[in-house]
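Me: I have a new structure to read. Can you take me through it one feature at a time?

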Amino acid sequence: MMKILNMMILPRGMDLVAWRGFIYTLFILHFVFVCQILLLQPLVSALDGKSGDNAELFERVSQSIKVKHYSEAINDLNAAIEADPSLSEAYWRRASVLRQLCRYEESEKSYKKFLEMKPGNSVVEKELSQLHQAQSALETAITLFDSGDYIKALDFIDKVVLIFSPACSQAKILKVRLLLATKDYAGTISEAGYILKEDEDNLEALLLRGRAYYYLADHDVATRHYQKGLRLDPEHSELKKAYFGLKNLLKKTKNAEENEKKGKLRVAVEDYKAALALDPNHVAHNVHLHLGLCKLLVKLGRGKDALNACTEVLTIDEEHTEALVQRGEAKLLTEDWEGAVADIKAAAEKSPQDMAIREALMKAEKALKLSQRKDWYKILGISKTASIAEIKRAYKKLALQWHPDKNVDNREEAENKFREIAAAYEVLGDDDKRSKYDNGEDIEEGMNMGGGSGGFNPFGAGGFGGGGGYTFHFEGGFPGGGFGGFHM
């Protein structure tokens, strides 16, 4: 500065007034220059800083979205808009985040605010259209779920809502409910698991995932899910219902099994029925209950009821070998011999090395064979425990009733009946033959049942020919004397 003043002193002849004016002008110029340095530079720096702050803000928002911290992103954007309402990009970013969260009304307001500030932006207009599609699809999916059209509802959720609103928790929970309703239990567990990774305390996800494990009969894991939810909210009605319902089911099942072991079969039957009544849709557990009930009913000789219980098992699992065997046993009790053989044979084909099944099959085949021979007890109208005296009385009574001489109007039928009655007495009236018959041995090949040459003739040596009446001899004779050609 002194150098400048020295230079200014050089023109000695300069007028003092002019000199003072010159000095004053230099002072003013210098003052302006200093003001520019001191005042304008901070203003320029502030403008540059503001631009840098916005870039940092949007980078922070992008990182929050990337790690799914949507609330932090929205809070940052809200703060930025409050600080500078003209920051148009913040409205756009906020609208996008809100759309992903399916907060559609808030999102739409932000999109429209941006378009007021930047009209005609095609990208934003497209996103707004996607918002409307997702909003409509979500409403449609909810309606379809309520009406029971689960598959179609899933299409709307997967193909529209979660495409445009991938962070929509409402849509994610609805998808899990739909998967559970369609009995896709593995899918339910998987999708609910994704929700719980983001929010481990999500009560809806805990409930639905627990139910999926429940319907897979993985009751321990189901219980843990219910218990965790109830620790978070002890009064959650659906969690309480699921948890205590499962405890009750397990208790009744245990009671049935313990009473069966104790030999209290009739009590166990009622316990099994009570357990089955709790949740008819729990097929993975009910298959066990139906089988237990079927086996008990077979033991109790209640063939028809056992048949129904075993059929329930096979309706759930048509490949269930033990149920096939037990249903075969039930069919033996109801005298469905061919059906019994068919069921047990099917079981034997599935387990050819199982000796117990092979023995059951032999038993059923023997029963079928026995069923195809004549039932001599039935022909004489007596029980299998009838005494020899009862057999003789029945024989004499029926022989008298069906003697051909006494049935001239239906002689052919009477002859057939008479032969059958006589054949029945031939077997049952002989202790040795009766014993073999009762044991299922084949004795009919040694008997002569037919008429004609060499045939069994129950009418004595006179036969049907010769013009004389029938001669048939009974030891001790018929009570009350003879009649016609019938000789005692």
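Reply: Keep one thing in mind from the start. This is a predicted model.

Me: Let us begin with charged pairs. How many salt bridges does the count come to?
Reply: A salt bridge needs a side-chain nitrogen of Lys or Arg within 4 Å of a carboxyl oxygen of Asp or Glu. By this rule the count comes to 25 salt bridges.

Me: Why are Arg-93 and Glu-89 separated by about one helical turn?
Reply: Look at the spacing along the helix. Both sit in helix H4, residues 88-100, and they are four residues apart, so about one helical turn separates them.

Me: Are these two side chains buried or exposed?
Reply: The scale has a middle class. Buried means under 20% relative accessible area, and exposed means over 50%. Arg-93 has 27%, so it counts as partly exposed. Glu-89 has 30% and is partly exposed.

Me: Which residues are linked with Glu-198 in a network of salt bridges?
Reply: Lys-68 and Lys-172 are linked with Glu-198 in such a network.

Me: Where is Lys-68 found?
Reply: Look in the loop between helix H2 (16-66) and helix H3 (70-83). Lys-68 is partly exposed, at 46% relative accessibility. Check its backbone too. Lys-68 has a positive phi of about 65 degrees, although it is not a glycine.

Me: What phi does Ala-217 have?
Reply: Ala-217 has a positive phi of about 65 degrees, and it is not a glycine. Ala-217 is in the loop between H10 and helix H11 (219-232). Its relative accessible area is 33%, so it is partly exposed.

Me: Back to bridges for a moment. What does the salt bridge of Glu-204 and Arg-177 look like?
Reply: The side chains of Glu-204 and Arg-177 meet at 2.5 Å, N to O. Glu-204 lies in helix H10 (residues 203-215) and Arg-177 in helix H8, so the bridge ties together parts that are 27 residues apart in sequence. Glu-204 is partly exposed at 24%. Arg-177 is partly exposed at 22%.

Me: On to the cysteines. How many disulfides does the count come to?
Reply: A disulfide is a covalent bond between the sulfur atoms of two cysteines. In this model the count comes to two disulfides.

Me: Which cysteine pairs with Cys-102?
Reply: Cys-102 pairs with Cys-168, and their sulfur atoms are 2.1 Å apart. Cys-102 lies in the loop between H4 and helix H5 (104-117), and Cys-168 in the loop between helix H7 (150-164) and H8. They are 66 residues apart in sequence, so the pair ties together those parts. Both cysteines are buried.

Me: Why is the disulfide of Cys-102 and Cys-168 right-handed?
Reply: Read the torsion about the S-S bond. For Cys-102 and Cys-168 that torsion is about 70 degrees, so the disulfide is right-handed.

Me: And what does Cys-294 join to?
Reply: A disulfide joins Cys-294 to Cys-310, with 1.6 Å from S to S. Cys-294 is in helix H14 (residues 283-299), and Cys-310 is in helix H15 (residues 303-316). They are 16 residues apart. Cys-294 is buried, with a relative accessible area of 0%. Cys-310 is buried, at 0%.

Me: What is the pairing in sequence order?
Reply: Number the bonded cysteines along the protein chain. The pairing is then 1-2, 3-4.

Me: Which elements do the buried residues of H11 pack against?
Reply: They pack against H10, helix H12 (237-261) and H14. Among the buried residues of H11 are His-219, Val-221, Tyr-226 and Leu-230.

Technical notes:
Residues numbered from 1 in each chain as written. Predicted model: local features only at pLDDT ≥ 70, side-chain atom pairs only at ≥ 80, totals over all residues. Heavy atoms only, no water. Helix = DSSP H or I, 4+ residues; strand = E, 2+ residues; numbered from the N terminus. Buried < 20%, exposed > 50% of the residue type's maximum accessible area, 1.4 Å probe, protein only. Disulfide = S-S within 2.5 Å. Contact = heavy atoms within 4.5 Å.
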